[in-house]
Amino acid sequence: MKPVVPRAQADRDVNDAVAYYLSEGSEQAALGFVDALEQAFHHISHHPAVGSPRYGHELNLPGLRSWAMSPYPYLIFYIERPSLIDVWRVLHGQRDIPAWMRDPDSW
């Protein structure tokens, strides 16, 4: 098991998602999102190779993987490092993922 360490931008992504669910009047959805995120972090900390390398190949970012947060439409983008899981972003799956990931200022 490796610790999961979100970057500052990943934390902002999570805060934005929670704020969205709260603005829609669904505290239950916001809490569910946080629970799903914790479960996903737990899973990738134990099985880092489980994520899809699709965007890593597409963006020429070796080692980048993504993991879907079921049942929420978000993807966790991360790289396995020797001592930790480096979480870059937590993005809604309907976004233009390549555009969001190509912008180094958003990391």
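**Close-up 1. Arg-54 and Glu-58 form a salt bridge.** The closest N and O atoms are 3.8 Å apart; a salt bridge is a side-chain nitrogen of Lys or Arg within 4 Å of a carboxyl oxygen of Asp or Glu. This is a predicted model: local features need pLDDT of at least 70, side-chain atom pairs count only at pLDDT 80 or more, and totals for chains, interfaces and linings use all residues. Residues are numbered from 1 along each chain as its sequence is written, and side-chain values use heavy atoms, leaving out hydrogens and water. Both residues lie in helix α3 (residues 54-58), 4 residues apart, about one turn of the helix. Helices (H or I, at least four residues) and strands (E, at least two) are DSSP runs, numbered from the N terminus. Arg-54 is partly exposed at 49% relative accessibility, and Glu-58 is partly exposed at 40%. Buried means under 20% relative accessible area, exposed over 50%, partly exposed in between (1.4 Å probe, protein chains only).

**Close-up 2. Asp-86 forms a salt bridge with Arg-7.** Their closest N and O atoms are 2.8 Å apart. Asp-86 lies in strand β4 (residues 85-92) and Arg-7 in the loop between β1 and α1, so the pair ties together parts 79 residues apart in sequence. Asp-86 is buried, at 9%; Arg-7 is partly exposed, at 24%.

**Close-up 3. Arg-81 also forms a salt bridge with Asp-86.** Here the closest N and O atoms are 3.1 Å apart. Arg-81 is partly exposed, at 32%. Shared partners join Arg-7, Arg-81 and Asp-86 into one salt-bridge network.
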